[in-house]
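Here is a short briefing for a first look. Keep the sequence and the 3D view open while you read.

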There are 2 protein chains.
Amino acid sequence: MGKKTFVSPFVPEKLPDMPPILGVRLATAEAGIRYRGRTDLLLAILDHGTVVAGVLTQSKTRSAPVEWCAKQLKNGCARALVVNAGNANAFTGMKGHKAVEITAKAAAEAVGCPVVEVFLASTGIIGEPMDASRFAHLLDQLAQDAAPDAWHAAAQAIMTTDTYPKLATRTAKIGDTQVTLNGICKGSGMIQPDMATMLCFVFTDASIGQPALQKLVAQAADRTFNCVTVDSDTSTSDTLLAFATEAAAAHGCPHIADAEDQRLQGFATALHDLMEDLAILVAKDGEGLTKFVTVDVEGAENDRAAHKIALAIANSPLVKTAMAGEDPNWGRIVMAVGKAGEAAERDRLAIWFGDTLVAKDGERSPDYVEEAVAQYMKGAEITVRVNVGVGNGRATVWTCDLTHGYIDINADYRT
Amino acid sequence: MGKKTFVSPFVPEKLPDMPPILGVRLATAEAGIRYRGRTDLLLAILDHGTVVAGVLTQSKTRSAPVEWCAKQLKNGCARALVVNAGNANAFTGMKGHKAVEITAKAAAEAVGCPVVEVFLASTGIIGEPMDASRFAHLLDQLAQDAAPDAWHAAAQAIMTTDTYPKLATRTAKIGDTQVTLNGICKGSGMIQPDMATMLCFVFTDASIGQPALQKLVAQAADRTFNCVTVDSDTSTSDTLLAFATEAAAAHGCPHIADAEDQRLQGFATALHDLMEDLAILVAKDGEGLTKFVTVDVEGAENDRAAHKIALAIANSPLVKTAMAGEDPNWGRIVMAVGKAGEAAERDRLAIWFGDTLVAKDGERSPDYVEEAVAQYMKGAEITVRVNVGVGNGRATVWTCDLTHGYIDINADYRT
């Protein structure tokens, strides 16, 4: 099977302008870990005093760098982040831990910090030993080259099957001081994050206590990355890290230790919006997609039940192939609601494609005209809304269709 | 997208010879419910005294005929079974119940029995009203035509996207009397049965009490149909019914009321084997498949955990596309084990493709030679074995690969 060059129809016309974040410098390199002729190594250097919060994959077979991050998150201080693309360093046994140690040590020496303040993430093939000695020596040079404006390059260096770099930026006021949040992420396949997406890194100059940052990040992840699915497969490597350099304190930004502090409200909203942007960018780069699909479920027993029903719809191969075929096949939506296992009143079920009510009271709507919806299905962005007629629970999940492109990409990724 | 004519590579060279079952007669017709130029209606007539047991879909949006069967199973007596293909009569509201009543009444009159002894199953499109008056009048003629040898025709009439009819037969001894079991089933997509497959009907001349038959059927379903998945989607219509005519009693077969009765051991084994045959025939006719895949999980905390891990592997789009690409991608197996959420010891995990150990102790096996396994992956039948290193739980799940054929079939099934 020949690999076709797939490009998402949602490639942004222009990448966002990314302002610098005080206390963050970035550099990238071509390490040749798996890819040729492109960058695949990122070093982010963080000023002294940076706190870090994060959420990591719940997979039972998580990768060596994820285990490393879990350990260092307990300290909550960060001076460096090293990310490589091409090899996930997952299911690599003792060799995997060794590769983590080599990388962390090299980064610590290059940056001049304790190894426990180095954070690591690897993405790419699972199960192949990763030879860290092939790129660890590059970190010295990267530390010298690191610059505050290399955001686009950073987002590019962490891509695997992604067809575009994923970046977002926001500002917020804390007290009277404006702070900035920048985020980069990657992900395209093996995407049903369980606490985080494949890889996402958020940077801010705000001055926030580590426990408060952790709480805000976890809350935002639940409503953003945990609501994205491309193919129902949860990665061994999902990593979301948020770094707060506290550099804005020099400009009068108050240090805030309590996540409930009213002064953090604007920051929390900006963080949520930034992460939602990035999560949607992941779904819009789903492997092989032709359609971006939003699944809104309402009327469920509670929000958790709504989320489970929305995921059942978004992950159903039959729903996803119907989307690819531009077929408003509400029967498959009904099937997916039924298999989710959550309370649903079949005879009060209502389904909309876009604004058109296609089914209500447990059967096809008498006013339904297929032609109108068929036209809607030709669009690149489809919204399916389902009311399951039980309670007030609601949830939104973002996904994409399942196409020949997905098969092309994944039937020959490794060999 | 043009529909390609897909045919499973596992089409049996020859359908099994099906002996008659005393007390069962069959007839089929072309009702034109959805298909043209093929039969789509089956009537089975059962002699007076037939008991029926069954398991039905656990979907929360189950079809009108499934609800009808659930109600009549409480009586446990059957004189007729009517099955139509082309319309599932699911999510059809009050119209659906009306269609069920019209069909049951027509069958009861044709056969000469109470309506509560008529069992119904419908398969095909979901959400379109079914006009039973278009075929109910055919049942009189079918009742006159019904014959004991129409098994192949019966299996053909209930097909939808199936590419071959699915039949199996067994004999067993109860006391000194030989009894026969015949089974037919259909299913190809929307297959992850939850208590039964799409449609499966088993007939026997044995004389077994209804509660005992129910127990044996439920046990066998758990180890057969509930271990098959094509695409993780659970139908609104899954129906497994087993009819025991008791006709063998005339030949000295003892009536047995207790499922634990030692004399039923041979029958229970034959029933399990028959249902396993049929379940595997379903997986081997998975929509668009090129490979039949057996997933054996061992070393899990318990059998239930093993089953959940096996399903996570079998349903992973990334594992299924790797199979299609003949890629022994153990990294994706590791990923799927990790996402299943059940206990697994990553550093004791072992994975085999066929007889070749590809990974052990949490990393690639040092003896692994890719070429040998690559050759194995070219075969049509692939077995993946995984030991998750925790306990003694084990399970087997049967599935197939995910191919362009699946997309072709499902991106334009309805329109």
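The buried residues of α8(B) are covered from both chains: the cover includes α11 of chain A, and from chain B it includes β10 (292–300), α7 (303–315), α9 (330–339) and β14 (381–387). This is a predicted model.

**Helix α8 of chain B**

- α8(B) spans residues 317–324 and is mostly covered, with eight of its eight residues buried.
- The buried residues are B:Pro317, B:Leu318, B:Val319, B:Lys320, B:Thr321, B:Ala322, B:Met323 and B:Ala324.
- After the helix comes B:Glu326, with a positive phi near 55°.

**Helix α9 of chain A**

- α9(A) is also mostly covered: 10 of its 10 residues are buried.
- Among them are A:Trp330, A:Arg332, A:Met335 and A:Lys339.
- Its cover includes α7 (303–315), α8, β11 (350–353), β12 (356–360) and β14 (381–387) of chain A.
- Chain B takes part as well, through β5 (118–125).
- A:Gly341 follows α9(A) and has a positive phi, near 85°.

**Where the chains meet**

- The contact between the chains involves 55 residues of chain A and 55 residues of chain B.
- On the chain A side, α2 (93–111), α8 (317–324), α9 (330–339), β13 (363–364) and α11 (404–410) each supply at least two residues.
- α9(A) gives the most to that side, with eight residues.
- By class, the side of chain A that touches chain B has 19 nonpolar, 21 polar and 15 charged residues.
- The copies meet through the same surface, because 100% of the interface residues of chain A are also interface residues in chain B.

**Chain A as a whole**

- Chain A has 11 helices and 15 strands.
- Its C-alpha atoms fill a box of roughly 70 × 55 × 40 Å along the principal axes.
- How does the radius of gyration of chain A fit a compact globule? For 415 residues such a globule would have a value near 22 Å, and chain A agrees because it has 22 Å.
- Of the 415 residues of chain A, 61% count as buried.
- Take the contacts in chain A with a separation of 6 or more: 81% of them join residues 24 or more positions apart.

**Domains of chain A**

- The domain assignment gives domain 1 (24–283) and domain 2 (292–410).
- The C-alpha centres of these two domains of chain A lie 33 Å apart.
- Contact between them involves 10 residues of domain 1 and 11 residues of domain 2.
- The domain 1 side of that contact has six nonpolar, four polar and no charged residues.

**Nonpolar core**

- The largest nonpolar core has 304 residues.
- Which of its members touch the most other members? They are A:Ile309, A:Ile313, A:Val337, B:Ile309, B:Ile313 and B:Val337.
- Leaving aside residues up to four places away in sequence, B:Val337 touches A:Lys60 and A:Thr61 in chain A.
- Within chain B, the residues that B:Val337 touches, with that same exclusion, are B:Ile309, B:Ile313, B:Ala344, B:Leu349, B:Val386 and B:Val388.

- Most residues other than glycine have a negative phi.
- A:Glu326 is not a glycine, yet has a positive phi of about 55°.
- A:Glu326 sits in the loop between α8 and α9 of chain A.
- Is A:Glu326 buried or exposed? A:Glu326 is buried, because 22 other C-beta atoms lie within 10 Å and the cut-off is 20 or more.
- B:Asn89 is not a glycine either, and has a positive phi of about 45°.
- The loop that holds B:Asn89 runs between β4 (80–87) and α2 (93–111) of chain B.
- B:Asn89 counts as buried, because it has 33 C-beta neighbours inside 10 Å.

Definitions and conventions: Residues numbered from 1 in each chain as written. Chains lettered and ligands numbered in written order. Predicted model: local features only at pLDDT ≥ 70, side-chain atom pairs only at ≥ 80, totals over all residues. Contact = placed C-beta atoms within 7 Å. Helix = DSSP H or I, 4+ residues; strand = E, 2+ residues; numbered from the N terminus. Nonpolar A, V, L, I, M, F, W, Y, C, P; charged D, E, K, R; others polar. Buried ≥ 20, exposed ≤ 12 C-beta atoms within 10 Å, placed from the backbone. Domains from an automatic or database assignment. Rg over C-alpha atoms; globule rule 2.2 N^0.38 Å. Core = buried A, V, L, I, M, F, W, Y, C linked by C-beta atoms within 7 Å.
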